[in-house]
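Subject: Handing over the structure, with notes

Hello,

Please find below the structure that I promised to pass on to you.

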Amino acid sequence: MTGPDDRPVLTAIGLTRRFGGVTAVDGVGFTVAPASIRAVIGPNGAGKTTLLDLITGFTRPDAGTVDFLGHDVLKLPPHRLPAIGLMRTFQSARLVPRLTARENVMLGAHHLTRSRFLADGLRLPRARREQRALAERADAVLDFLDLRRYADTAGADLPTGVARLLEVGRALAGAPTLLLLDEPAAGLDGTETRELAGVLRGVAAAGTAIVLIEHDVELVMSISDEVLVLDAGAVLADGPPAEVRADPAVLAAYLGSAAPAEEAR
Amino acid sequence: MPQVVFGGLIDGCVYALVAVGMSLVYSITRVINLAQGGFVVLAALVTVALQQAGVPPLLALVVVLVGFAGLLAGVDRTVLRPAARRIGNQRMLLVTVGLLQAISGLLLVVWGNLPYTGRPFTAGPPWTVAPGFLGGVTVQPQQVWIVALLLLAVLALTVLLRHTDLGLTMRATASRPDAARLVGVDTDRIRLIAFGLSGAMAALAGAAVVPITFLQFDTTTSYAVSGFVAAVLGGLGSIGGAVLGGLLLGVVEGVFSRYTGSSLAQVAAIVLLIGLLLVRPAGLLGRAEEVRR
Amino acid sequence: MNASPRVLVLAVVLLALPWLTPGWTELLVIVEIFLLVVLGLDVLTGQAGQISLGQTLFLAIGGYGAGLLTVRAGWPTWLAVVVPALVAAAVAAVLGRAFLRLRGYYLALATLGLAVVTQAGATGLTAVTGGPSGLVGVPSLSLFGLTVFSDRANYYVLLVLCALAAWFTANLRRGQTGRALAAVEHDPQAAAMLGIDPARYRTGAFVVAAVAASVAGSLYAYYLRFISPDLVSVTVALSIVIMLALGGVRTVVGPLLGVALLQGLPLVGQSFALWQPLVAGLVLVLVLTYLPGGLWGGLRGLLGRAGERAGVR
């Protein structure tokens, strides 16, 4: 549906991670199709964030492989991932408080820059060109998110909702092939969440695949192409939203309580 | 050679006393108090002043011990605790550097830049132990005092920490400060006690060492460094580790100084310790996860 | 547009300073030497958030390097600045890789270790360093056939170097490197996820700090015409950190304030020299506790508030 090459951008097989006696992630495997949104849901402690940490190299898995566009991701240090097209955000916004919104977004495109200490310190023409290009790129992202008015506000002074959106924007500035988002809607109100949903659909339509870890079941069901349900570290169900929603195991274990069932109807 | 190792062990006992004081404060506050080195020299020079005023050495020791327990509790109350409320641990380390500098400055103002030494606690001739073994070891009575005071201090602290309710509370505060506060522990009081104890350690170290060495306003830094090194070497927050770290540092310095002169011995000791830190980052008796990022 | 007249005024004042304050030029030169060191350290501490209590190692590499290469080997003085600076950069690159993985206290300890090693090495390696009495007979700096001998000549050479260092570090701060360093300081894990290698950037900042200190050390030796362990003691290492913390990080004025205060205080009067360490220590404790941005940060906050109030009226 996205062109001639439908091979998945990311393939995880048998990912396992134990902490002491607890198996936080237990033989999890899944794929992410190009330009699609793949949601990962599950109750607290189901191993969702650990799964992202495994893929991005913050935690070493006890078993399993992750292939991203032919790269063995588990062999790369985290800072090499953006250059091959893999970026992520964190559960809590981690913008740099003393930099402005624009500067924070500029950081997202860091792997596309080449000037370092000498070029920057001496303000070589190359560094100045890069600087201009970066600023333009950041402004384009701010415009896309409709946050241009915050461009010169310090990260420390941004409202929570704006900061969360900006963190997604910061990752977008790096033009990733795959974007891993860890609960981007946490702390957003209804309007902001709808705004975020629109942004994510637009991002996927423009060709960036997304792995979305999320608590907000409504958001997940409305925008995802495929949903992976984790429970106690293991895969409970995997498929398109409609299928997952109808899965008796999911209904029993995860949507069993009244409120989520209401949402799922 | 036995004499060299023995001399190193005695220096090591003094480092251990400094390191135990730092380690105690660290375990409660997570701050390394580099000013401890300054308090050691201050205690030493106050001891000398008391002796010169005619106070018998052992009485002077007791006076300094009690006085410095109060002094450090006071310093925590007026300087360090208010600072810790406002700033992070990295900045707190610099605050203690400032305090160390201020104490050196105070010493310079009051005592000038001359070196001082004191009278031993008890008079008596040195005696030689095991003269048949490589020349044996000559022991000064004051060196026996140093060893005895270290043993006594460690014993007292162990009893306090392991066998009293206060010790239990202190250990609980050390491992889980937030939880301790939640269950109603007055952590400010625990801080004060930790600083009081570390003041007593500084007093012991200073009063005990000054009869066998010369101290002046700028020897503060070297005690701060040695105590810090010993505390980290043993694993921060562990009393036994601090003692072990101090003794090891003393012996390494002593043995090297035999062959290279005292300043290069310090280089060798520090290089060895930094190497050890990089290979075994948690120190001899510490846990690893706190050290690296 | 309105920045250039200000820069011009500043330049004129700085150029005229040795003539405006006769008798103070010696102090000005010393202030410049330490300003160079502190500006470099600001990249590491202010921008990358890493403590180094051991900058005297690089001061010593520059000072003893310049002294030995000119006195023993007869090298031209400028080359004896450049080569030690490169050595300092290499040493910092190697040490940085090993040390900057360590957390707060352990890093502080390791760098404090460098300061101890430096002082003890300078004192103990008598055959190389001349021991406690130091290395004497160091020549003055020669540039383009001119000998930089007088206080004023040294002032101008160092003025150029300090201006270069201020320009370089300000460029870093405003450029992508500065943003990357800010990200590393605030949250190394999140920075890594943006493609920034924290170890590499910390090490880079350490190298910048080392080169600045080394050049300053070389010029220190040329100016005093000797170099001795007293100039690279642990006390000096701590006072370098104190200067930065006192003045405030990530500016040029902050370090200048810190250095001028610490170096200038003893000159207030003979009797005051005795009180200087005590006062400096107490001031440092107060500034660290109550002024998060250092003296200059506090001053700026005050000026800003006053300006706002004036603006409202």
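Let me begin with one helix of chain B, in which the buried residues of α11(B) are B:Ser263, B:Ala265, B:Gln266, B:Val267, B:Ala269, B:Ile270, B:Leu273, B:Ile274 and B:Leu277. Please keep in mind throughout that this is a predicted model. The helix α11(B) has 18 residues, and from its first C-alpha to its last it reaches 26 Å, which is close to the 26 Å expected at 1.5 Å a residue.

Leaving aside residues up to four places away in sequence, C:Ala120 touches B:Ser263, B:Leu264, B:Gln266 and B:Val267. C:Ala120 counts as buried because 25 other C-beta atoms lie within 10 Å, and the cut-off for that word is 20 or more. Within its own chain, C:Ala120 is 112 residues away from C:Val232 in sequence, while their C-alpha atoms are separated by 9.7 Å.

This brings us to the contact of the two chains as a whole, where 44 residues of chain B are in contact with 37 residues of chain C. On the side of chain B that touches chain C, at least two residues each are supplied by α3 (57–86), α4 (89–111), α9 (220–234) and α11 (262–279) of chain B, and the largest share, 16 residues, comes from α4(B). Sorted by class, the residues on that side of chain B divide into 28 nonpolar, 10 polar and 6 charged. There are 2 pairs of chains that touch, and the most contacts among them are between chains B and C.

Chain C also meets chain A, with 22 residues of chain C in contact with 32 residues of chain A. The side of chain C that touches chain A draws at least two residues from each of α7 (151–174), α8 (176–186), α9 (188–192) and α10 of chain C, with the largest share, 7 residues, coming from α8(C). By class, this side of chain C has 11 nonpolar, 8 polar and 3 charged residues. Chains A and B, on the other hand, are joined by no contact, and their closest C-alpha atoms lie 12 Å apart.

The contact of α4(C) with α10(C) has 16 nonpolar, 4 polar and 2 charged residues.

Finally, in chain A, please look at A:Arg170, which is found in helix α6 (residues 160–172) of chain A. A:Arg170 counts as buried because it has 28 C-beta neighbours inside 10 Å. Not counting residues up to four places away in sequence, A:Arg170 touches A:Asn104, A:Val105, A:Leu107 and A:Gly108.

With best wishes

How values were computed. Residues are numbered from 1 along each chain as its sequence is written. Chains are lettered from A and ligands numbered from 1 in the order in which they are written. This is a predicted model: local features need pLDDT of at least 70, side-chain atom pairs count only at pLDDT 80 or more; totals for chains, interfaces and linings use all residues. Two residues are in contact if their C-beta atoms, placed from the backbone, lie within 7 Å. Helices (H or I, at least four residues) and strands (E, at least two) are DSSP runs, numbered from the N terminus. Ala, Val, Leu, Ile, Met, Phe, Trp, Tyr, Cys and Pro count as nonpolar, Asp, Glu, Lys and Arg as charged, and the others, Gly among them, as polar. The expected span of a helix is 1.5 Å times one less than its number of residues. A residue is buried if 20 or more other C-beta atoms lie within 10 Å of its own, exposed if 12 or fewer, and partly exposed in between; C-beta atoms are placed from the backbone.
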